[in-house]
Amino acid sequence: MTPTDEEWLVGRLGDKATEVLCGVDLNDGRCVKVWDEGDDEHYKTFMLFKLLNVNARLFSRATMVWLGIEDTREGGVDSCAGQPAVLRVIKEAWRQVVRTPEQMFYERLKETIPEDEWVGLPRLLHGGDVGERDVRRWKAACTGEAWVGDDALIGTSHTMPTGISDSDGVGASGVPADDARPPYPMHQTWSCRLSVGEKFEYRERSHMRLVVDIVGRPLWRFKSTKELILSMYDAIRGHRLAMTFGGVMHKDVSPGNILIVDPTVSGDQASRGILTDYDYSAMTLQPPAKANNVATTPSDSVAFHPLEKVGGAEGQPAMKERTGTYYFMAIELLDIEEEASHDVQHDLESFYWVLIWIVLRHTAHTHPHGRLACDNVFKFGSDIDSQAHKQNFVMQKNPVRVSDNAPLTSLLRKLTKLVSRTPGYAGRILDDPAPLTYDTVLPLFEEAINSTGWPENDAALPFAPPGMVATNGPYDVVKGKNKRVFSAVAVETASTLNSEGTGLGLGSGATADSSTRPRKMRRKKQPSGVDSKSWTPVLGLGGSDVACSGTVVANSGR
């Protein structure tokens, strides 16, 4: 950003500037163009000024999540001068070309869910696949076709690397292969096509840029436990709408993908929580109502035929692919002896494990393992170990209580009883195991929300991992003779790294592709102590929230 841009930004934010720009170095900001899918010519400019999350792992989608506003200046005149600036979340990521682009899921939701029933879901405002647009621009330069985009065609000074050419002189894309070909696209990788051939295009990665409407707080920053339950309740309602109206299965329910929505001054917002991040989702080939030729109403039965694209073929079976955040996967998906297809019941069980995770880390619970409770319940690296510890937890009569919080304790007890009767737990014991459904889960949340006795101002407690002791602000981390002090923000980041996903819910999720790895995941050595070098403190919304890297799943291909 130029000094002029910075001056305009500060003025545009007005009274929000001090709070929103706290701790922000505007030299790190930038302006980007955002094209809507299907329109290569027109774009909107957004000013990205605050980095909320960056996935720094080498083998990943390289997800970056920014806070920004639209640059409404045109010809030196601000068309929105005097109006309050509206904050937006801008997500950039390099998706696997094999996967359905995320904006397609948002488009399906917009097309199928009635406006008066919309709750628990974000809306895509602008954006699409920048990489695919760049490829179209590159092909136009190669073939001499007219280009309608706002930017010029790529030059032709670049030459092909020695010894590399397409078979028969023409690539699968129909682009002539000669030594005068323009530079390859900048927003989509080309390495697989060059090294092993055009038919492996699906292995490439393409740059996505999306703008969504709602800025939320991470789930582990709740201001009261009732707010926590309200946000999760609305997220489950959103999941139900997405599935029953749109035929969209999320497949990666995790703490980082559920956001708390702050109430507006007028109190007219529809959602108190939203379910975000559809990178690893799947959807039916047609919306349920269209496929069944009937009016759609929320239900638990949707004929699921996922839309996945592999080598150009649609209808690739993908529901047996293990996709999601490992700690929160349903136990049936962890069973190495089963070939369960990912279904509604598994996402609903993930909501349950998300709630248990948050309770064990951020409330005054009475679990006998105290701060080590999460380590006792959630195991990583071995499907058998993870399965056994989850089963042990669920089969206890009252696995966890929250001090002085009867509504939450009752909800946990009843949800645990429901989960204990699902096929993954009771399938080998009971003759009639009962899968989780919306109609059994949502009423328990409603009962809890309507209960009396909720504590007031019981905000999330900061989680101190083992090896740390709380002080009056930061935590003291003691390693040998050296004492290192980190802020509470850094500690929360450490505790959520590789487990609680992206703070703004727009970059977490991982997949374990069944076509490239066995059902049993390879065991990874877990650190025995606290390794401060692996910590990545990242600023969040308002200078107080935390955004963290995504999840750890062996051979995920993220």
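User: What separates Asp 234 and Arg 237 in helix α6?
Analyst: About one helical turn, because the two residues are three apart in that helix. Helices here are DSSP runs of H or I with at least four residues, strands are runs of E with at least two, and both are numbered from the N terminus.

User: What kind of model is this?
Analyst: This is a predicted model, in which local features need pLDDT of at least 70 and side-chain atom pairs count only at pLDDT 80 or more, while totals for chains, interfaces and linings use all residues. Residues are numbered from 1 along each chain as its sequence is written, and side-chain values use heavy atoms, with hydrogens and water left out.

User: Back to that pair. How do the side chains of Asp 234 and Arg 237 meet?
Analyst: In a salt bridge, at 2.9 Å from N to O. The term means a side-chain nitrogen of Lys or Arg within 4 Å of a carboxyl oxygen of Asp or Glu.

User: Is Asp 234 buried or exposed?
Analyst: Asp 234 is buried, at a relative accessible area of 0%. Arg 237 is partly exposed, at 28%. The cut-offs are under 20% for buried, over 50% for exposed and partly exposed in between, using a 1.4 Å probe and protein chains only.

User: And Arg 240, which residue does its side chain meet?
Analyst: Asp 439, in a salt bridge of 3.1 Å, N to O. Arg 240 belongs to helix α6 and Asp 439 to helix α14 (residues 438-449), so the pair ties together parts that are 199 residues apart in sequence. Arg 240 is buried at 16%, whereas Asp 439 is partly exposed at 45%.

User: Which residues do salt bridges that share partners join into one network?
Analyst: Arg 61, Lys 91, Glu 102, Asp 277 and Asp 279.

User: How many salt bridges does a search of the whole structure find?
Analyst: The count is 25. One of them links Arg 95 to Glu 132, at 3.9 Å from N to O. Arg 95 sits in strand β6 (residues 88-96) and Glu 132 in helix α4 (residues 130-143), so this contact ties together parts 37 residues apart in sequence. Arg 95 is buried, at 9%, and Glu 132 is partly exposed, at 23%.

User: Helix α6 again. What should its 20 residues span?
Analyst: Helix α6 (residues 225-244) should span 28 Å at 1.5 Å a residue, and its end C-alpha atoms are 29 Å apart, which agrees. The expected span is 1.5 Å times one less than the number of residues.

User: Why is α6 called largely enclosed by the rest of the structure?
Analyst: Because 18 of its 20 residues are buried. Gly 238 is in this helix, and Gly 238 is buried at 0%.

User: How many residues of α9 are buried?
Analyst: 19 of the 19, so α9 is largely enclosed by the rest of the structure. Helix α9 covers residues 344-362 and reaches 27 Å from its first C-alpha to its last, close to the 27 Å expected.

User: New topic. What is the phi of Asp 277?
Analyst: Positive, about 70°, although Asp 277 is not a glycine. Most residues other than glycine have a negative phi. Asp 277 lies in the loop between β12 (273-275) and β13 (282-283), and is buried at 2%.

User: And Ala 62, what is its phi?
Analyst: Also positive, about 55°, and Ala 62 is not a glycine either. Ala 62 is in the loop between β2 and β3 (64-70), partly exposed at 35%.

User: Which residues form a negative surface patch?
Analyst: Asp 36, Glu 37, Glu 107 and Glu 111. Patches take residues with over 30% relative accessible area and no salt bridge, joining like charges within 9 Å and nonpolar side chains (Val, Leu, Ile, Met, Phe, Trp, Tyr) within 5 Å. Lys and Arg count as positive, Asp and Glu as negative, and His and the chain ends are not counted. A charge is placed at NZ of Lys, CZ of Arg, CG of Asp or CD of Glu. Areas come from the Shrake-Rupley method with a 1.4 Å probe, and for residues only the protein chains shown count as cover.

User: Where is Glu 37?
Analyst: In the loop between β1 (30-35) and β2 (43-54). Glu 37 is partly exposed, at 34%.
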